Amino acid sequence: MTLTIENLQEIAKTETDAVESYRYRINVCMAAGCLSCRSDVVKASLEEEIRRQGKEKACLVRGVGCLGLCAVGPLIDISPLNVTYQAVQPSDAPEIIGSLTGAPVSRLLLPADQPFFSRQKKIVLENCGIIEPERIESYIAAGGYEALYQALRQMSPRQVIDEVTASGLRGRGGAGFPTGLKWTTVYKARQAVKYVVCNADEGDPGAFMDRSVLESDPHRVIEGMAIAGYAVGASRGYIYVRAEYPLAVERLRRAIKQAKRLGVLGENIFNTPFAFDIQLRLGAGAFVCGEETALIASIEGRLGRPRPRPPFPAEFGLWGCPTLINNVETLANIAPIVRRGGGWFAGIGTEKSKGTKVFALAGKINNTGLIEVPMGTTLREIVFDIGGGIPAGRRFKAVQTGGPSGGCVPEQFLDMPVDYDSLREVGAIMGSGGMIVMDDGACMVDVAKFFMEFCMSESCGKCAPCRVGTTQLFGILERITAGDGSIEDIDTLKELCDLVGATSLCGLGQTAPNPVKSTLRYFENEYTAHVRRHHCEAGVCAMGKAREATT
Amino acid sequence: MTPATASPALSSPSLSPATPDKRLRIIDRTMRLHGYASHALIETLHAVQEAFGYLEPDLMRYVAGRLKVPLSRVYAVATFYHFFTLKPPGEHTCVLCKGTACYISGTAEIFRKVEEMLGIHAGETTADGKISLMTARCLGACGLAPAGVFDGTVVGNLTLDTVVNKLQAWRSHDADHRESAGDRENRNRCR
């Protein structure tokens, strides 16, 4: 039996009716953040309490995706009361259920009008915290798979690509390559067999956007991949996901199974000749596999080592076939673009960076969690309004974007709009969207050392500049933080940074010096203080103590 | 991350025909699902590690034979990727996250103290086989930094005390009392 739009609408209606037949819908966040604060126990105790109070007919408890504000989990959200509770414990259940008809429990209440919620604009995360990620019906009720229907039945592949091109969407994995252009290249390739690969190897430490999207709304990524497959002429897709994200893997597996059973994956989708199948591939903990060619090698069961480009994967990718590789967030933007048109998407954001961007806020910031803002929002708005500023009355020092490939943006650029180009101008990169906020307790030399250690141990070892260069850079940084550096070391650092960046084979090596370069650019005084006065202003580097101990 | 189930060290080769190991079936199934294609190597090694807790040399030989790939390549893949381990894990596994957010929040200090306390480095197991200490690049639980995984359960907002309590509970005889002081304190800290 093939699925029709009527079937889809019927599923949506049944689901909506079923949910709305309950007077109160209690949504409990079941993403990894809240789960580790035992939101599953909270959910169970709420269910038990409802039974105890005999309110099964009026109350529905649903496990939903990320509600965003991970800092104060477990979070629960009650509609239609529009009440959000924070840090809910299992023992709070009787009070919460008991108060449904009266005033909300004020001690748990999270003010709904705070900037964290009101300043965001959600496209990628529009379903996060609203639908049940483990049920396809819930996704369909939110308009899911309608875009796939629209693409397959009402648009030609060329038209789909035109919409994506018109949207101005750029790759959300970090480099910001225009998505429409990538799709066009694969579309134009002549070979019969092509592949679509979803890059879910979110290796940047401090980034958890893709994890949250996969855990909260896996079907959206599947739909995006199927549309991409139709547009470029591929009938098979792979999702390469980190094995370190067991919950995301489990939910993806379940989602793929459901999609196949329903018929939105498989043969003759929506009664058209289009067929699409998705398989999951688990990463095995190698950061370099986020690089396209290394990722392909890993899917092929080999060592995750990059190869020179060109040829680019769009022409010569998986098993030598043209392959479209897109990041999770890029693919999550596709369904809304098809549904609402490229022009709509292009109306959001800045001139060269369209749409929204999901950021993972972490580090020394009050509201750690997941946010989505239009491109061009200033850092100040993100850190101080949405993020709630720096805790414990400390002072903002820098925000690190782009992980080990990115840089630190200091205070003087707080009013800079965040988009691909302005970040690049100040020596950082958009990256996949991790934002680590640092206060005056962070030593920038130490931060640079941390990232260099990361790059050094994640270097695949194929090319010498990266393999040897990162080790040398790390050695110098270690010397400086131990108080044994010399002023020449700083010059050597600069020289080596340029060398490693210019001569490495792949993105890992080419961008590995970025954290050092950006901290040298804005915080060179800290480097010189370490070298000249053996002094670490932040008190992080233990050089003083080591010296005292030896003398 | 840790393998889901920690299996006891194997005393005899699991491949002896006299005592066929049930866990082998899981591995066979994975290879069959992929049509014994050589590109299923990483998927198969995942299955091996999940079933046995680590990549036993005999099993690597077995996989190499079934998938018709050189043993050298199996070994190369097994050692290239951080997720795979060639050593049997301890009874309990403690993974501390060393991602950026956790680093900024002070995992380095916790880690140093834990290494000192257990007398082992990251990736090693205590001599009594009780505790394995691992690091993770990033658990993606940055909102809860510093975070760690204790026997498969992610715990956030760690402090030195909570970690030490947990490890001490594992070490002592009543290690299986899940409701340790560390647990309780952690839950309160989540508030």
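Domain bounds are those of an automatic or database domain assignment, and on this basis chain A of the predicted model is divided into domain 1 (22–114), domain 2 (143–346), domain 3 (356–439) and domain 4 (444–550). The centres of domain 3 of chain A and domain 4 of chain A, taken over C-alpha atoms, are separated by 23 Å. To the contact between these two domains, domain 3 of chain A contributes 9 residues, and domain 4 of chain A contributes 15 residues. On the side of domain 3 of chain A that touches domain 4 of chain A, the largest share, 3 residues, is supplied by strand β12 (residues 407–410) of chain A. When that side of domain 3 of chain A is sorted by class, 5 nonpolar and 4 polar residues are found, with no charged residues.

With regard to the chain as a whole, 24 helices and 13 strands are assigned in chain A. The radius of gyration of chain A is 25 Å, close to the 24 Å that the globule rule gives for 551 residues, and chain A is therefore as compact as a globular protein of that length. Along the principal axes, the C-alpha atoms of chain A fill a box of roughly 75 × 65 × 40 Å. Of the 551 residues in chain A, 58% are buried, while among the contacts in chain A with a separation of 6 or more, 74% are accounted for by residues 24 or more positions apart.

Helix α20 (residues 464–481) of chain A comprises 18 residues and reaches 25 Å from its first C-alpha to its last, which is close to the 26 Å expected at 1.5 Å a residue. Within α20(A), the residues A:C466, A:G469, A:T470, A:L473, A:F474, A:I476, A:L477, A:I480 and A:T481 are buried. Just after α20(A), a positive phi of about 90° is taken by A:G483.

Between the chains, 36 residues of chain B are in contact with 39 residues of chain A. On the side of chain B that touches chain A, at least two residues are supplied by each of α2 (41–52), α4 (71–80), α5 (100–104) and β5 (153–155) of chain B. By class, this side of chain B consists of 23 nonpolar, 9 polar and 4 charged residues.

Methods:
Residues numbered from 1 in each chain as written. Chains lettered and ligands numbered in written order. Predicted model: local features only at pLDDT ≥ 70, side-chain atom pairs only at ≥ 80, totals over all residues. Helix = DSSP H or I, 4+ residues; strand = E, 2+ residues; numbered from the N terminus. Rg over C-alpha atoms; globule rule 2.2 N^0.38 Å. Buried ≥ 20, exposed ≤ 12 C-beta atoms within 10 Å, placed from the backbone. Contact = placed C-beta atoms within 7 Å. Expected span 1.5 Å × (residues − 1). Nonpolar A, V, L, I, M, F, W, Y, C, P; charged D, E, K, R; others polar.
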